[in-house]
There are 2 protein chains.
Amino acid sequence: MSANQPYGKIPEPTIRRLPFYLAHIKLVADIGQEFISSTQLAKDIGVDPSQVAKDLSYVAISGKTRVGYEVKPLIDVLENFLGFSHQHHAYLFGAGNLGAALLHDLGLSQFGLYIKAAFDPDPKVIGKEINGVPILHVDEFPKMMETSKVKIGILTVPVHKAQEVAEFAVEGGLKAIWNFTPVKIKIPSPAIVQNTSLYAHLAVMFNKLQFGD
Amino acid sequence: MSANQPYGKIPEPTIRRLPFYLAHIKLVADIGQEFISSTQLAKDIGVDPSQVAKDLSYVAISGKTRVGYEVKPLIDVLENFLGFSHQHHAYLFGAGNLGAALLHDLGLSQFGLYIKAAFDPDPKVIGKEINGVPILHVDEFPKMMETSKVKIGILTVPVHKAQEVAEFAVEGGLKAIWNFTPVKIKIPSPAIVQNTSLYAHLAVMFNKLQFGD
C-alpha cells in the first residue's frame, strides 16, 4: 500500500487514459471553468462516463454531486499521481538520428523527464552538446552512475546494439529502459522496459490509411 | 480483397508485431543467416511460435518444413506489406519543441515517411528550414494541397489547438492524422487518427518504475 496508490495496483489502460484526461482538464482550466463533471469529461474526450469515474477513483479523487470535480486540485492530483510533477533524470544511449532528435527539446521536462547526458561511441559526436545535454563516450557511463541519481535509460541505438546496450545500462544501475528501438529487449527484473516504437505506429497508420480503420 | 491483404483485414496487434519481427529478421540477415524458423523467431523475440506463424500467414508467406522462412524475401515482403518501402508524404503542423524535434532526421524516411513541409503561425520560425524541410505559414496549407500528393498530417501543435488544426488539416484534404498531442481529437471518417502520446508512455513508465511491472 502506498499513499499514491491507495487502492493497490492500477490497471495500465487507466494509466494510459489519465494523461488524456489531464490534457483535457487543463484546457478546461485555461478557459476559466472551475468544475468538470465526469459526464462532460467523458463526452468531450469520447470515453464512457462510468469509465471516467472509475479511472479517477484510482487517484482518490471523487466528484461532488451535480458540480463534479474541482478542476485545479484535480490537475495537481493527476500531475502528482502520474509522476509529471517529480523530477525523473535520464541518460540517453545512442546520439544518432533518433537520439539527437529526442535531445532537442521535446517538452518532456514539462512532464518530469530530464535528460542529463547522452552516450555514444562515435568520436564525431562525443564532446558536443545538443540543447545543453553533453554527449559523452559510452565508456564514461559506469563512472557517471557512481554519483548520479539517474534511473532511466532512453534507448535509441541501432537495432543490432539494442539488447547489448540495454543490458549494459541495467548492469550499470538503471532501473527503467525507455526503448525506442523496434527490438524486443530482455532485461533482468526488477528493471522495467517501456516500448515506444514509432515504426510500429507508422505501420498501423499506413495500414489504416490503405484499408480503413 | 486486395493484393496486399489476401486474407482480409488484419488485426492491429498483428500489424504492431510485424515491425518487431522485421527488425529481428534484418539482424539475422546482417549476420548472414539465410533461413529463420518461426520457432527461432518466436524464441528470440519472446512471442509464442504459433502466434508468429499465424502473424506471418497474413502476409502470405509460409515457411518451409525444417528450414523455415527464407530471410531476404521475407524482409522484402514485410517491408512492402507494412508500407515501409513506399513513399508516404506528410505535412507537419506545429514547429514548436516537439515538432522541431520530429523535423530533425528521426530516420523515418527509412520507413517510408517523408515530411515535405511544416506549418506554423509563428513569424519567428516561418521561412526557416529544419533538416531541409521548409516551415511555412499555416495559411499556405490549402494552396499547397492543390498540387500535392500529401495524405498524412503530423500533429504537434499546442494542446488547445489540437482539435481545430486537425479539422483544418482534414478539411484541406489530408486522410490521416498522426497525433502526437495528448488530446483525443475527433475528425470525420474516412480520415483516420494514429495516436502516439509520448506523455502517456512516460506516465506508464514512471508508474512501473515506482510500483513494479
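Strands are DSSP runs of E of at least two residues, numbered from the N terminus. All views show a predicted model.

**View 1. Asn131 in the loop between β5 and β6 of chain A and of chain B.** In chain A this loop runs between β5 (129–130) and β6 (133–137), and Asn131(A) is placed in it. Asn131(A) is not a glycine, yet its phi is positive, at about 55°. In chain B, Asn131(B) lies between β5 (129–130) and β6 (133–137). The phi of Asn131(B) is likewise positive, near 55°.

View 2. The loop holding Pro190(B) lies between β8 (176–179) and β9 (192–195) of chain B.

**View 3. Packing of helix α1 against helix α4 in chain A.** The axes of α1(A) (residues 12–30) and α4(A) (residues 71–81) come within 10 Å and cross at roughly 150°. Angles over 145 degrees count as roughly antiparallel, and α1(A) and α4(A) are therefore roughly antiparallel to each other. Their crossing is left-handed. From α1(A), the contact involves Leu18(A), Leu22(A), Ile25(A), Lys26(A), Val28(A) and Ala29(A); from α4(A), Val71(A), Leu74(A), Ile75(A), Leu78(A), Glu79(A) and Phe81(A). Ten of the residues in this contact are nonpolar, none is polar and two are charged.

**View 4. Packing of helix α1 against helix α3 in chain A.** The two axes are 10 Å apart, at an angle of about 100°. That makes α1(A) roughly perpendicular to α3(A). Thr14(A), Arg17(A), Leu18(A) and Tyr21(A) of α1(A) meet Gln51(A), Val52(A), Asp55(A) and Leu56(A) of α3(A). The contact divides into four nonpolar, two polar and two charged residues.

**View 5. The salt bridge between Asp55(A) and Arg17(A).** The closest N and O atoms of this pair are 2.6 Å apart. Over all chains, the count of salt bridges comes to ten.

**View 6. The interface of chain A and chain B.** Here 65 residues of chain A are in contact with 65 residues of chain B. The buried area is about 6,300 Å², and carbon and sulfur atoms give 71% of it. Zero salt bridges are found across this interface.

Technical notes: Residues numbered from 1 in each chain as written. Chains lettered and ligands numbered in written order. Predicted model: local features only at pLDDT ≥ 70, side-chain atom pairs only at ≥ 80, totals over all residues. Heavy atoms only, no water. Axes fitted to C-alpha atoms, helices over the stretch in contact; angles between N-to-C directions. Helix = DSSP H or I, 4+ residues; strand = E, 2+ residues; numbered from the N terminus. Parallel < 35°, antiparallel > 145°, perpendicular 65-115°, else oblique. Left-handed = near helix turned anticlockwise from the far one by under 90°. Contact = heavy atoms within 4.5 Å. Nonpolar A, V, L, I, M, F, W, Y, C, P; charged D, E, K, R; others polar. Buried area = accessible area lost by both parts, 1.4 Å probe. Salt bridge = Lys/Arg side-chain N within 4 Å of Asp/Glu carboxyl O.
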